[in-house]
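Dear colleague,

My notes on what was found in it follow the model itself.

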Amino acid sequence: MSTETPHEGGSRGGRRRAGRGRFPDGPSPGSGAADAPPADPEAVAREVCLRLLTMSPRTRSQLAQALQKKNVPENVAERVLSRFSEVGLIDDAAFAQAWVESRHRGRGLAGRALAAELRQRGVADETVKEAVSVLDSDQEESRARDLVDRRLASTRGADPVKRMRKLVGMLARKGYAPGLAYRVVKEALAAEGTDVEELPEDDPEE
């Protein structure tokens, strides 16, 4: 009777022993996959850009970074990105305008915070300034008052100074200028009968 254990000495067992129990990575030498030509870098670049743009709008800089991670040659990436820009699939100005409208309305972010977010996404300074310019001072003040009104009730019962710090800190994190934040919060507290001195400008609650 043979004492040979299953797969021992067989071709399957031999392959399993390679690489500590795993099959070797990549296609087997001589297989159809191994003989296939390398992927066309331009086709790869187009596929990556289309896939990302299908998920959500992207800036040219964001797409360039994605192509770099895929090791697409710089000249190929530039050619594909330029072509996408020509046909309107990449439009940083439109991206910036939509970003400002959505984030100001939905999150209440002020121009300073919006500008920082756009720059982080690689939007050029001139394009950022143009997009943020649609928010005038009256519009920002009105949005700041709305934000404070929504949070005011949840702070009632707390120490007045702590309430002011909390509300001013909330506006500061959303990009509102310190002077505007203190004034809006102080007026909101005064309207409900709470009088509190202004805090030092470097003392908002984080």
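Asp-91 caps the N-terminal end of helix α6, with a side-chain oxygen lying 3.2 Å from the backbone nitrogen of Ala-93; a polar contact here is a pair of N or O atoms within 3.5 Å, where, within protein, one must be able to donate a hydrogen and the other to accept it, and residues adjacent in sequence count only if both atoms are side-chain atoms. Please bear in mind that this is a predicted model, in which local features need pLDDT of at least 70 and side-chain atom pairs count only at pLDDT 80 or more, while totals for chains, interfaces and linings use all residues. Residues are numbered from 1 along each chain as its sequence is written, and side-chain values use heavy atoms, with hydrogens and water left out.

The protein has 11 helices and 0 strands, taken as DSSP runs numbered from the N terminus (helices are H or I with at least four residues, strands E with at least two). Of its 206 residues, 31% count as buried, that is, under 20% relative accessible area, whereas exposed means over 50% and partly exposed lies in between (1.4 Å probe, protein chains only).

Helix α6 covers residues 92–107 and reaches 21 Å from its first C-alpha to its last, close to the 22 Å expected at 1.5 Å a residue, the expected span being 1.5 Å times one less than the number of residues. Its buried residues are Phe-95, Ala-96, Trp-99, Val-100 and His-104. Seen down the axis of α6, these fall within an arc of 140 degrees, so they line one face of the helix; the arc is that of the directions from the helix axis to the C-beta atoms. The face turned away from the buried side carries the exposed residues Glu-101, Arg-105 and Gly-106. The buried residues of α6 pack against α4 (60–69), α7 (111–120), α8 (125–132) and α9 (137–155), where contact means heavy atoms within 4.5 Å. After α6 comes Gly-108, whose phi is positive, near 75 degrees.

In helix α7 you will find Glu-117, which counts as buried at 15% relative accessibility. Leaving aside residues up to four places away in sequence, Glu-117 touches Trp-99, Arg-103 and Leu-109.

Over the protein as a whole, residues 24 or more positions apart account for 57% of the contacts with a separation of 6 or more.

Best regards
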